[in-house]
Amino acid sequence: MSTTTQRLGNSLYRFIDSDLFYSFRRSPVTIVASVVVVTLILAAILAPWIAPHDPFDVSTLSLLNSELPPAWVSGGDSAFLLGTDGQGRDVLSAILYGARISILVGLASVAFAMVLGVCLGLLAAYVGGAVDATIMRIADIMISFPPILVALLINGVARGVLPPEMQHDAVIFVLILAIGLTTWVQYARTVRGSTLVEKNREYVLAARVIGLRSRAIMARHILPNVVGPILVVATVNLAIAILIEAALSFLGVGMPPTEPSLGTLIRIGNEFLFSGVWWVVIFPSMVLVLLVLSVNLLGDWLRDALNPKLR
Amino acid sequence: MNMTQEIYSASATQTRPREDVSDMPSVTPVFRIANLKRHFDVSPPLLNRLLERKERQVVKAVDGVSFDIYRGETFSLVGESGCGKSTIAKLVVGLNDTTSGNIEFEGEDIATHSRQDMDAIRHRLQMIFQDPYASLNPRWRVRNIIAEPLTVFGLLDGQKAIDERVATLLECVGLNAQDGEKYPHEFSGGQRQRISIARALASNPEFIVCDEPTSALDVSVQAQILNLMKDLQREFALTYLFISHDLSVVYHISDRIGVMYLGRLVEVGTKHELFRRPQHPYTRMLLDSIPDLKMTGRARTPVGGEVPSPLDPPSGCAFHPRCPHANARCKREAPRPLHNVERGFVACHAVEEGRLITRA
Amino acid sequence: MTAHETTPVLEVSDLHIEFDTRRGALKAIDGVSLQIAPGEILGVVGESGAGKSLTGTAITGLLETPGRISAGQIRLEGKRIDNLSQEEMRRLRGRDIGAIFQDPLTSLNPLYTIGHQLVETIRTHLPMSKKEARRRAIRMLEEVGLPAPETRIDQYPHQFSGGMRQRVVIALALCVEPRLVIADEPTTALDVSVQAQIIAVLKRLCREKGTAVMLVTHDMGVIAEAADRVAVMYAGRLAEVGPVTDVIKHAKHPYTRGLMNSIPTILNDVDRLEQIEGSMPRLASIPDGCAFNPRCPRAFSRCRTERPDLIAVENSDAACWLVEETAMTDRSPWPTSAPSPTADHRRGANA
């Protein structure tokens, strides 16, 4: 037990002492970005507890409260800090719940794409030959299409195939699948590149000399040495995934208005824009921009911090 | 020229060559390598070949090499870059497949072994690599790196037994048992090479292939590692196949030496025979090019030419364009090995025909 | 010594180079002084990390952040060059200082013919027409021993073998007849038989043209063959400087001595090589006093507290207190049978 805590203490010390943490401390932009991301993620996770209203509880909605402006504008109500939409839903609460779905879809699709891409990339590079050629040609074809188009296609097919009663529940999984399938290529290419370098390094040869099976070499030796670049791709892709989800929802093929993501909220808000009800669209958009920008800044920093040439 | 004579005469005055035959540890070879070939297809992809009418290209990295390694000896392969010495190292431990030929380990042909058959003998063959910065997985603790062969081969049961074995191995190569908790980047190049040696020793091998184990190290560290390797050889009755381009190191560590040129062995002999009475013109040229500190200011006899591209090797004897003794036959016909010394040979028409007087 | 009569081409005095890291400044070069006379080849040797390449880099003005010269001066023919601007330094490089690096491929631009690169270099620094420059380039290639220079001048770097490429790099470094050439491991990437050719070319040309050469290498064989004087570096300091035969055959510093004895030789059979215990300290943990003292078989109390400067002894200078001790007692610093380190070599790795 004491050795475990000791080891934990050691790794904590190693982290605080590491170059990564050092470069983090020295970059104010990164600190701000990570504070924003952490705050947004926490707020999204805690939405059911911290949101002032439950935007999906129809019984609490009142049309009397519809289209109220933000609290600080004249006519605003302090109960609805960022105002309400056409159905009297609290915009702040809707944003908190919407961010929850956006982030969930983003993280899940990144995880899915990462597992798929890393496995295929490792396999392609390590096995080589026809396997490599096949996987990488599929990857080439995948990225010749705009991701939105592929996502729309997968989305459409899923909607056509699934029975209508399942469609409502399945929509979030369809989104994750669609976004994941359009973004795995970058992971595969990154991993393939690093693996091609690593697989000829002598520690891999040493493992082959003792007859370690290929699967074990890939998992135990190569994978830990190629995770750095994958982390960078994953961070940048989280921003992309959130944006694709927002775009799909904005186009009306993503999350339904009964269970809105940030994209859905923007689409709904868009309809109010010309009637002067700006707050319904501006606030979700700002949150989306803030989230994507912060995640991107984190990704940029991570790429530079992990690149030994720039250090 | 001067220097060569100096070296050859040195043998007479300073050290009499040991009586090689009586000193030879055993009669049956541990390894018997016969007509080993490894060709690499480096052709451009099919599409390019069809469109650009390019020919198939094959590099004959190893092209018909035969030699024996006896128990307890250090057999070295020397040669310039691209001569195929490292490819042979990889073939011997099964990192590459052979194109043709035999690799017999204690009477069993491992070139044709299946994966299962190979697994049974793998723990008896190990390898030490050139680059101490690349040969240890940077994400692993040293203790896990050294224990890996033990766990993969299932040689020891229980974490405690493995920990003890790792500690013994670390001390065996001159490190502390506590060093096992560290990561490779916390060690210097020489210490890393010690870790690499500890890993190679983990499975109690009889035979270790050393692929340029000191060429990435500084000379003072090189001396430490070479001494360590000699000690370990005595302690554990190891047989080494030593690959190097550095003739002084090879002379120091070896019992017998094979000289390679463009994928072939041109001469094999005991180190004293080879260094004091070199037969092949290429061996002589290599010896002439050794810089030696004791002869400061003396210019080495610069040898003309460079190693030709292995993609397009010369006909006949591959060395003929650089050889001062080459004639028409050398251009036409590849020389066959002439077994005129104990446990060695030379492949040269000039020697065979007696055109070349052996310097003595 | 001719080296001291004329103005030296290069004079480095009390050079300090520091690296700013988050743990404070690391001293990479700590008070190095050396000079090279016209036509002289100074070999700079040492283990990796001893600072030999760094010294060369600082002289060519190619030191990159976080490294910086924190003290000391570098003079080229009496003129200070360590405080020049980037632009002035760029003009100086190529014109007055030539550079030859380990890998000939990185010194040549693969996109241009070697002739183009030579002519461009010549015309950047000398007022010459294209035709004249080309003639000079061909003559230069001939001098470095490139066969058929008239036709090969129009070929690209990849069409040359490693040895020929390094000859081209030498031609490129010497084509405007610089006063000083910094050659950093020029033969390390080459095969032994080719090494000898390259060293011969470099040596002959510098003699003929009176160029001063700083030859940085870890290969004592190359030094023995090419250098007039040798500077031995250890942990960012000079351990010993002296004529090549003295340093190799009668080393004054225990480190140099250990280094020389640890090199395997083909002249006689030894069972064990002499080895220096331990390894060179990292920059962050250089011991007090003499940097070599923890590994030195003859260290005494003064070595652990007080840092020795170069002390003249016979033809050499050595940074070692033993030299001074023996000068006072008038004994040879080395007894005829120098006690060789007897400690078990295995302890060495932990030191």
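Biologist: What share of the 351 residues of chain C counts as buried?

Modeller: A residue is buried if 20 or more other C-beta atoms, placed from the backbone, lie within 10 Å of its own. In chain C, 50% of the 351 residues count as buried. Bear in mind that this is a predicted model, in which local features need pLDDT of at least 70, side-chain atom pairs count only at pLDDT 80 or more, and totals for chains, interfaces and linings use all residues. Residues are numbered from 1 along each chain as its sequence is written, and chains are lettered from A in the order in which they are written.

Biologist: How many helices and strands does chain C have?

Modeller: Helices (H or I, at least four residues) and strands (E, at least two) are DSSP runs, numbered from the N terminus. Chain C has 15 helices and twelve strands. Its radius of gyration, taken over C-alpha atoms, is 21 Å, close to the 20 Å from the globule rule (2.2 Å times the number of residues to the power 0.38), so chain C is as compact as a globular protein of that length.

Biologist: Which elements of chain A give two or more residues to the side that touches chain B?

Modeller: Two residues are in contact if their C-beta atoms, placed from the backbone, lie within 7 Å. Here 13 residues come from chain A and 20 residues from chain B. The elements you ask about are helix 9 (202–209) and helix 10 (214–250) of chain A. Helix 9 gives the most, with six residues.

Conventions
Buried ≥ 20, exposed ≤ 12 C-beta atoms within 10 Å, placed from the backbone.
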